[in-house]
Number of protein chains: 2
Amino acid sequence: MTFIPDPCARPDHAFPDDEREAVYRAIFSRRDVRSQYLPTPVPVSVLGRILNAAHHAPSVGFMQPWNFLVVESPEIKRRVHDAFARANAEASELFQGEKGTTYRKLKLEGILESPVGVCVTCDRTRTGPLVLGRTHMATMDLYSSVCAVQNMWLAARAEGLGMGWVSIFHESALQDALGIPPHVTPIGYFCLGYVSHFCPKPDLETIGWLPRMPLEELVYFDQWGHGGGQHPLVDHLRARPDQPGLGKQ
Amino acid sequence: MTFIPDPCARPDHAFPDDEREAVYRAIFSRRDVRSQYLPTPVPVSVLGRILNAAHHAPSVGFMQPWNFLVVESPEIKRRVHDAFARANAEASELFQGEKGTTYRKLKLEGILESPVGVCVTCDRTRTGPLVLGRTHMATMDLYSSVCAVQNMWLAARAEGLGMGWVSIFHESALQDALGIPPHVTPIGYFCLGYVSHFCPKPDLETIGWLPRMPLEELVYFDQWGHGGGQHPLVDHLRARPDQPGLGKQ
């Protein structure tokens, strides 16, 4: 196995501080946008960069199992919205009491008002049945497509576009609306567009649906449930340093 | 439903060009690293920022289903490596002919030589059985943890750290090695550390395992299989603009 020579060998591969901050700014200021879409068209150069970012996600065995189904037709958006509305009517019945009241007030998608929809999929048959790295974890191809989604999301944020993940569908209804064959799994339907604003926190955190969990409670050491006690990382996380990259906003 | 006022409302939420380029640079220069780890310790401040980036991934219903199991003990690394080696011996038997010869030469993990391992998990019971947005797509919680993985990967790249996804495990063997209970799904085991270099392309592309697919063949319009013909996005993608963010390397 030979590798072509590395043209960028440096003793330290860290980004300069301002570039590193920019990456964190995208990560921390990214939001799941449902409500603030503007009708401003998305230029093809911008959409192209975002999809190219998605296409450069890691994929198991380099299988690149994704497709990007770009939805601009109002009629197709309407079909997708109908599929959402049917599933959401079922979902809203499941939440009782105060949660139910809150659920039924929530706006959970921007399918009709966002200028572009993108359905990201996973073709589970791509490159054949045997995939390097998928031999023991059958979900690895789905996870590759999800990595593409997150690349898309961060690229969109850097471009000033909001993106929202719509997941409240019967899978078969979304496949029907978009003509997706059975061997292809829709990972999600994503609304994409310029926005009036990005909210400072996730909507569900802001309205008190659930709180942000303290990170130090989610970190274990060497074995599940071992909280690390005096591990310096725990002390560091408890001190809650500012989120880098947000100072500039 | 009320939202707190947006402190960062601007007519244009796009990042300045240099910051946008930095985000793309992280996306395009990120690699799945298996071979180039240095023993240099990872400072807790750096590891803390990377895990905080992961913790700020999107999660369905804001359930934050992830945990981060940090592995530093050589004994535990050895157990994880044993679980990999058993599964990989099985996997390598599945690849025949030339692919089999190539497979058996590949280095697919850096478990023992990377200074830090992180197992990212998904607790499928977190916040109870009913999760907003997971009512119809049961895999949404797993996908949330994968978004955390991709945030981690890009933050690591910006910090100058390589990361590698090890997926060749029987799930139960990885759970056993790390004491992970049955209701918690390990998404993957990730090797993390400073590296001698980042390769310019994915290893599997470089050795010719599979080629990079042309993005324009993966994009459909309004319906599955509709290639868009004269859609300006297709023309744009065919022109293959340079990947932004890599000019500076």
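**A buried arginine**

Visitor: Where does Arg20(B) sit?

Guide: Arg20(B) lies in helix H1 (residues 17–29) of chain B. Helices here are DSSP runs of H or I with at least four residues, strands are E runs of at least two, and both are numbered from the N terminus. Before we go on, this is a predicted model: local features need pLDDT of at least 70, side-chain atom pairs count only at pLDDT 80 or more, and totals for chains, interfaces and linings use all residues. Residues are numbered from 1 along each chain as its sequence is written, chains are lettered from A and ligands numbered from 1 in the order in which they are written, and side-chain values use heavy atoms, with hydrogens and water left out.

Visitor: Is Arg20(B) buried or exposed?

Guide: Buried means under 20% relative accessible area, exposed means over 50%, and partly exposed is in between, using a 1.4 Å probe and protein chains only. Arg20(B) has 15% relative accessibility, so it counts as buried.

Visitor: Which residues is Arg20(B) in contact with?

Guide: A contact means heavy atoms within 4.5 Å. Leaving aside neighbours within four places in sequence, Arg20(B) touches Arg49(A), Ala158(A) and Glu159(A) from chain A, plus Phe15(B).

**Reading a helix**

Visitor: How do I check the length of a helix?

Guide: Compare its span with the expected one, which is 1.5 Å times one less than its number of residues. Take helix H2 (residues 44–55) of chain B: its twelve residues reach 16 Å from first C-alpha to last, close to the 16 Å expected.

Visitor: How many residues of H2(B) are buried?

Guide: Nine of the twelve, so H2(B) is mostly covered. Among them are Val46(B), Leu47(B), Ile50(B) and Leu51(B), and also Asn52(B) and His55(B).

Visitor: What about two helices together?

Guide: In chain A, the axes of helix H3 (residues 74–94) and helix H6 (residues 171–178) come within 9 Å and cross at roughly 170 degrees. Under 35 degrees counts as roughly parallel, over 145 as roughly antiparallel, 65 to 115 as roughly perpendicular and the rest as oblique. H3(A) and H6(A) are therefore roughly antiparallel. The residues that make the contact include Ile76(A), Val80(A) and Ala83(A) of H3(A), and Leu174(A) and Leu178(A) of H6(A).

**Reading a sheet**

Visitor: In what order do the strands of the open sheet run?

Guide: Two strands pair if DSSP finds at least two bridges between them. Five strands form the open sheet, in the order E5(A)-E1(B)-E2(B)-E4(B)-E3(B), with mixed pairing. At the edges, each pairing on one side only, are strand E5 (219–221) of chain A and strand E3 (161–166) of chain B. From one strand to the next, the twist averages 25 degrees.

Visitor: How many bridges join strand E2 of chain B to strand E4 of chain B?

Guide: E2 (residues 116–123) and E4 (residues 184–194) of chain B pair in the antiparallel sense over eight bridges. Gly117(B) stands opposite Cys191(B) in E4(B), and Val120(B) has Gly188(B) as its bridge partner there. E1(B) and E2(B) are also antiparallel, over six bridges, with Val70(B) opposite Val118(B) in E2(B).

Visitor: Which residues of E2(B) are on each side?

Guide: In a regular strand the side chains alternate between the two faces of the sheet. In E2(B), Val116(B), Val118(B), Val120(B) and Cys122(B) are on one side, with Gly117(B), Cys119(B), Thr121(B) and Asp123(B) on the other. Eight of its eight residues are buried, so E2(B) is largely enclosed by the rest of the structure.

Visitor: What is the phi of Gln64(A)?

Guide: Gln64(A) has a phi near 45 degrees, a positive value in a residue other than glycine. Gln64(A) is in the loop between helix H2 (44–55) and strand E1 (66–71) of chain A, and is buried at 1% relative accessible area. In chain B, Gln64(B) has a positive phi of about 45 degrees, lies in the loop between H2 and E1, and is buried with a relative accessible area of 1%.

Conventions
Axes are lines fitted to C-alpha atoms, for helices over the stretch in contact, and angles run from 0 to 180 degrees between N-to-C directions.
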